[in-house]
Amino acid sequence: MNKKSIGIIILIGVLLAGLYYLTMGKKVEVIPPQDNAVEERNEEDQVASQEKQVFEIEVGKEAPNFILRNLDGEEISLQDYRGKIVLINFWATWCVYCDIEMPDLQKLDKENEDLVVLAVNVMEHKETVEKYIKEGGYDFEVVLDEDGTIARTYLVGGYPASYFVDEEGIFQGAVPGMMTYEQMNQALQHIRENK
C-alpha cells in the first residue's frame with residue numbers, strides 16, 4: 001500500500017469514529033434563552049425558567065423537536081413534517097462545502113415527494129441568508145437558528161452536518177461534513193428499506 005491509500009483509510013476511520021460518537025446517545029444540556037424584557041416573576045417562575053433542559057440524541061429514539069422561524073418569519077417545527085423523511089442540514093453561507101452541497105440538496109428535495117430538506121442556518125443574519133438563498137435559486141425550507149441553540153442540541157461540530165429523521169420523527173443517523181448526491185440517496189434508501 002502506498003502512503004495515499006493509508007491516508008485515505010485513516011481518514012475514513014476517523015470519519016466513522018466521529019459518526020459513531022455523534023450518534024450513540026449523547027446527552028446535551030441546553031439552557032433556554034433568557035428573555036431580555038424585564039418582568040416581575042414570582043419565585044417559582046424564576047426557578048422554572050432557569051432549569052436546564054436535557055435532550056438526548058440517539059439513533060432509534062425520537063429526534064428533539066424544535067421551533068425556528070423561516071425566512072418569511074413563520075414558525076416551523078420539526079414535528080410539522082411528521083409523515084415525511086426529514087433531512088436536517090446545518091449550514092452557513094460562508095461554508096465552502098455547504099455551498100458545494102446546496103445544489104444536491106435542492107435536487108434531492110425536488111425529486112423525492114416523501115422527503116423534506118430542512119436547511120438550518122446557524123447564527124447568521126436573516127438578510128445574509130435571504131440573499132444567498134435567492135442568488136442560488138433554492139426553494140427548500142430554510143430556518144434560522146439565530147443563537148445556535150438547536151445546533152448545540154444536535155451536537156453539531158462543523159458545517160455542513162446532515163441529520164436524518166424518519167416519517168415517525170425517529171432519529172436515524174447523522175453525517176458530519178459534506179455529502180454527495182449519491183450518499184444522500186443511499187441514506188434515503190436505507191431509511192425507506194428499514195421501516
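Q: Are Lys-131 and Glu-135 buried or exposed?
A: Lys-131 is exposed, and Glu-135 is exposed as well. Please keep in mind that this is a predicted model.

Q: Where do Lys-131 and Glu-135 lie?
A: Both belong to helix H4, where they are four residues apart, about one turn of the helix. Lys-131 forms a salt bridge with Glu-135, and the closest N and O atoms are 3.9 Å apart.

Q: How many salt bridges does the structure hold?
A: There are six salt bridges in the structure. One of them joins the side chains of Glu-62 and Arg-82, at 2.8 Å from N to O.

Q: Which residue forms a salt bridge with Asp-114?
A: The partner is Arg-192, with the closest N and O atoms 2.7 Å apart. This pair links distant parts of the chain: Asp-114 is in the loop between helix H3 (96-111) and S6, while Arg-192 is in helix H6 (residues 181-193), 78 residues apart.

Q: Why does Asp-114 count as partly exposed?
A: Its relative accessibility is 25%, so Asp-114 counts as partly exposed, given that buried means under 20% and exposed over 50%. Arg-192, at 23%, counts as partly exposed too.

Q: Changing topic to the rings: how many aromatic pairs are there?
A: The count comes to nine aromatic pairs. Among them is the pair of Trp-91 and Tyr-132, which is tilted, with 5.3 Å from centre to centre and 40 degrees between the planes.

Q: Where in the chain are Trp-91 and Tyr-132?
A: Trp-91 is in strand S5 (residues 85-91) and Tyr-132 is in helix H4 (residues 126-136); the pair links distant parts of the chain, 41 residues apart.

Q: Is Trp-91 buried or exposed, and what about Tyr-132?
A: Trp-91 is buried, with a relative accessible area of 0%. Tyr-132 counts as buried at 15% relative accessibility.

Q: Which residues do ring pairs link into a cluster?
A: The cluster consists of Phe-66, Phe-90, Tyr-154, Tyr-163 and Phe-171, linked by ring pairs.

Q: Which residue lies over the face of Tyr-181?
A: That residue is Lys-107, at 4.3 Å from the ring centre.

Q: Is strand S7 mostly covered or mostly open?
A: Strand S7 (residues 141-145) is mostly covered, as four of its five residues are buried.

Q: How do strand S6 and S7 pair?
A: Strand S6 (residues 115-122) pairs with S7 in the parallel sense, over five bridges. Within this pairing, the bridge partner of Val-122 in S7 is Asp-145. S6, H4 and S7 also make a right-handed β-α-β unit.

Q: What joins strand S3 to S7?
A: Two bridges join strand S3 (residues 67-70) to S7, and these strands run antiparallel. Asn-70 has Val-143 in S7 as its bridge partner.

Q: In what sense do S3 and S4 pair?
A: S3 and S4 pair in the antiparallel sense over three bridges. Leu-68 stands opposite Ile-76 in S4.

Q: How many residues lie between S3 and S4 in their hairpin?
A: The hairpin has four residues between the two strands, and Gly-73 in the turn has a positive phi of about 85 degrees.

Notes. Residues are numbered from 1 along each chain as its sequence is written. This is a predicted model: local features need pLDDT of at least 70, side-chain atom pairs count only at pLDDT 80 or more; totals for chains, interfaces and linings use all residues. Side-chain values use heavy atoms; hydrogens and water are left out. Rings of Phe, Tyr and Trp (its six-membered ring) pair if their centres lie within 6.5 Å; planes under 30 degrees apart count as stacked, over 60 as edge-to-face and the rest as tilted. Buried means under 20% relative accessible area, exposed over 50%, partly exposed in between (1.4 Å probe, protein chains only). A charge sits over a ring if NZ of Lys or CZ of Arg is within 6 Å of the ring centre and within 35 degrees of the ring normal. Two strands pair if DSSP finds at least two bridges between them. A crossover is right-handed if, with the strands pointing away from the viewer, the path from the first strand over the helix to the second runs clockwise. A salt bridge is a side-chain nitrogen of Lys or Arg within 4 Å of a carboxyl oxygen of Asp or Glu.
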